[in-house]
Amino acid sequence: VTVAHPSTTPADLLRTCSDDAVRAVQPEAVMASLPIAPGPGSAWLIAVGKAAEGMAGALQRALEAAGREVGGGLVIGASEASEVRAPLRHLVGDHPLPADRSAAAATALGELVAQLPGHAEVHVALSGGATSLMAAPRDAMSTDELSSAFAALHRAGLPIEAMNAERRRLVRWGDGRLAEALAPRPTYVWLVSDVIGD
């Protein structure tokens, strides 16, 4: 941190440090220099999580800078306000407890995966909150039952790793099922975790 004026108060210095630290971990900053190789054909994007919009924007810019066309994709985030650009589609899921919007997002994700060309290159960007934002129940469980199960895990006070181990068994796209659905397409996964030490 460079302090512009030596007369800065301790409070101002702390504020500057805090602002710089927050700026440094914004998805746009973290993903500013992605190693995207130039190549033929279009790439498709799937971004899910609380940082989905920023990650998708950074990926889209990186692909375009490498001369790659973005064929389409889906961004599932937590914010109604979005600068997601075409040809990407933007949906908002529910967080921290999944509900109807999350179920609709999971359905839209299934529709996108079904229409992807078999040779398409896919870039998947995941960040914190992804499990809830695209959660649809697996098997015969209802959306309300899934939400109740998530709420019970929250009330139990489990560490996030233990909660995720339970939640991924309950949801349509958990436990590697999205990776299975995308195979054998070449797939790149970009992760931003909000779990300390992850």
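## Sheet architecture and backbone exceptions

Trp44 stands opposite Gly72 in β2. The model is predicted: local features require pLDDT of at least 70, side-chain atom pairs count only at pLDDT 80 or more, and totals for chains, interfaces and linings use all residues. Residues are numbered from 1 along each chain as its sequence is written, and side-chain values use heavy atoms, with hydrogens and water left out.

Strands and helices are DSSP runs numbered from the N terminus (strands: E, at least two residues; helices: H or I, at least four). Strand β1 covers residues 42–48 and strand β2 residues 69–77; the two run parallel and are joined by seven bridges. Two strands are taken to pair if DSSP finds at least two bridges between them. In general, strands of a sheet pair through backbone hydrogen bonds, either parallel or antiparallel.

The open sheet contains five strands in the order β3-β2-β1-β4-β5, with parallel pairing. Its edges are formed by β3 (88–92) and β5 (187–192), each of which pairs on one side only. From one strand to the next, the twist averages 10°. Helix α4, residues 100–115, packs on this sheet and touches β1, β2 and β3, contact meaning heavy atoms within 4.5 Å. The direction of α4 makes about 160° with that of β2; axes are lines fitted to C-alpha atoms, for helices over the stretch in contact, and angles run from 0 to 180 degrees between N-to-C directions.

Most residues other than glycine have a negative phi, and most peptide bonds are trans.

| Feature | Value | Loop |
|---|---|---|
| cis peptide bond, His95 to Pro96 | omega about 10° | Pro96: between β3 and α4 |
| cis peptide bond, Ala183 to Pro184 | omega near 5° | Pro184: between α8 (177–182) and β5 |
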